Amino acid sequence: MSRKTKKPTFPNSYQGKNAEEYNQSTWMERNQKRTALLCIQYLYDQHLDNVHDYDILRDIPYTILDLGSGTGFSSEILAENGFRVIGVEILKDMIYKARQKKTDQNKDLDIEYILSDINYLPLRANSIDHIISISAYNFIIHSATTPKEKIILLSQTAQYLNTILKTHGRFILEFYPADEKELNLFKTSFINKGFNGFMIQQHPNQKSGQTFLLLKKQTN
Ligand SMILES: C[S@@+](CC[C@H](N)C(=O)[O-])C[C@H]1O[C@@H](n2cnc3c(N)ncnc32)[C@H](O)[C@@H]1O
């Protein structure tokens with residue numbers, strides 16, 4: 001089974017020679033970069049915004065968090081499009097490659113990679129303009145064995161993401177929920193913790209397929 005068709009598992013798919021293979025894969029690079037461009041497009045989606053209330057183009061450059069930044073494909077695209085990027089990655093094998101590429105490319109991209117768990121981010125309240133996450137967020141519940149543990153983990157993380165976002169902050173999440181039940185767990189965690197928005201599914205008939213949540217921090 002090739003990487004294109006094999007369902008990745010965490011952490012195995014991103015360690016040792018698998019990390020190397022991931023980083024060398026032109027298919028993966030194209031896929032992650034294409035999705036990152038789509039996330040930028042969704043960040044400016046007018047359905048998410050009340051354009052009369054707030055001009056999203058104000059205050060550029062934005063600081064954007066890339067949750068689960070892997071070897072840096074998505075972070076590079078964000079930085080090339082003018083964002084100040086903080087890439088968050090939990091595995092050394094992946095983050096080392098991202099940092100190495102940044103040094104080798106010598107492109108002066110505004111990216112800082114931090115070794116951290118999405119569930120426990122070392123960031124201050126109201127410090128981040130926007131967040132994206134591509135093909136990573138579904139792994140944050142990998143250690144949870146019961147539905148209750150999953151709900152607690154998702155809820156704590158959604159709360160924390162809301163806290164670090166500035167007013168009008170947005171979160172564009174691309175992920176692959178295992179099934180409809182899991183999709184609802186993720187959606188509910190955001191709604192309960194002060195986000196609103198909507199969902200886009202590339203293949204709506206497949207309940208476990210590629211899913212985008214376009215979220216914004218609710219304002220009072
Ligand atoms: C598909 S890969 C990377 C995708 C990335 N957008 C890119 O362009 O390469 C998903 C990444 O999420 C990371 N990840 C999974 N759980 C994480 C967590 N709790 N905290 C931080 N990173 C995590 C994995 O280690 C893996 O590198």
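Okay, a definition to start: two strands pair if DSSP finds at least two bridges between them. Helices here are DSSP runs of H or I with at least four residues, strands are runs of E with at least two, and both are numbered from the N terminus. With that in hand, Thr63 stands opposite Arg84 in β2.

Quick housekeeping. What we have is a predicted model, where local features need pLDDT of at least 70 and side-chain atom pairs count only at pLDDT 80 or more, while totals for chains, interfaces and linings use all residues. Residue numbers run from 1 along each chain as its sequence is written.

So, the sheet. It's open, it has 7 strands in the order β3-β2-β1-β4-β5-β7-β6, and the pairing is mixed. At the edges sit β3 (111-115) and β6 (195-201), each pairing on one side only. Ignoring direction, neighbouring strands in this sheet are turned by 15° against each other on average; axes are lines fitted to C-alpha atoms, for helices over the stretch in contact, and angles run from 0 to 180 degrees between N-to-C directions.

Let's walk through the pairings. β1 and β2 run parallel, joined by 5 bridges. On to β1 (residues 63-67) and β4 (residues 128-134): parallel too, with 4 bridges. Ile64 stands opposite His130 in β4 there. Then β4 and β5 pair in the parallel sense over 6 bridges, and Ile128 has Leu165 in β5 as its bridge partner.

What packs on this sheet? Helix α5 (residues 147-164) does, touching β4, β5 (165-175), β6 and β7 (211-217), and its direction makes about 135° with that of β5. Contact between two residues, by the way, means C-beta atoms, placed from the backbone, within 7 Å.

Now burial. I call a residue buried if 20 or more other C-beta atoms lie within 10 Å of its own, exposed if 12 or fewer, and partly exposed in between, again with C-beta atoms placed from the backbone. On that count β5 is mostly covered, with 8 of its 11 residues buried. In β2, 5 of the 6 residues are buried, so the strand is largely enclosed by the rest of the structure.

Which residues have the most contacts inside the largest nonpolar core? They are Ile64, Ile131, Ile172 and Leu173, in a core of 48 residues. β5 gives the most to this core, with 5 residues. A nonpolar core, for the record, is a set of buried Ala, Val, Leu, Ile, Met, Phe, Trp, Tyr and Cys residues joined through C-beta atoms within 7 Å. Setting aside residues up to four places away in sequence, Leu173 touches Ser133, Tyr137, Phe212, Leu213 and Leu215.

Two phenylalanines deserve a look. Phe83 is in the loop between α3 and β2, and it counts as buried because it has 25 C-beta neighbours inside 10 Å. Beyond its neighbours within four places in sequence, Phe83 is in contact with Pro61, Tyr62, Ile64 and Leu78. The other one, Phe186, is in helix α6 (residues 180-192). With 21 C-beta neighbours inside 10 Å, Phe186 is buried as well, and its contacts, again leaving out neighbours within four places, are Leu154 and Pro177.

Next, the ligand. Its shell has 22 residues, and Gly68, Gly70, Phe73, Ile90 and Ala136 come nearest; near means that the C-beta atom, placed from the backbone, lies within 6 Å of the molecule or strand. α3 (73-80) and β2 (84-89) each supply at least two residues of that shell. By class it's 12 nonpolar, 8 polar and 2 charged, where Ala, Val, Leu, Ile, Met, Phe, Trp, Tyr, Cys and Pro count as nonpolar, Asp, Glu, Lys and Arg as charged, and the others, Gly among them, as polar.

Most residues other than glycine have a negative phi, and most peptide bonds are trans. Here, the peptide bond from Phe10 to Pro11 is cis, with omega near 5°, and Pro11 sits in the segment before α1 (17-24). Asn126 has a positive phi of about 55° without being a glycine; it's in the loop between β3 and β4, and it's exposed, with 12 other C-beta atoms within 10 Å. Ser135, not a glycine either, has a positive phi of about 55°. Ser135 lies in the loop between β4 and α5 and is partly exposed, with 18 other C-beta atoms within 10 Å.
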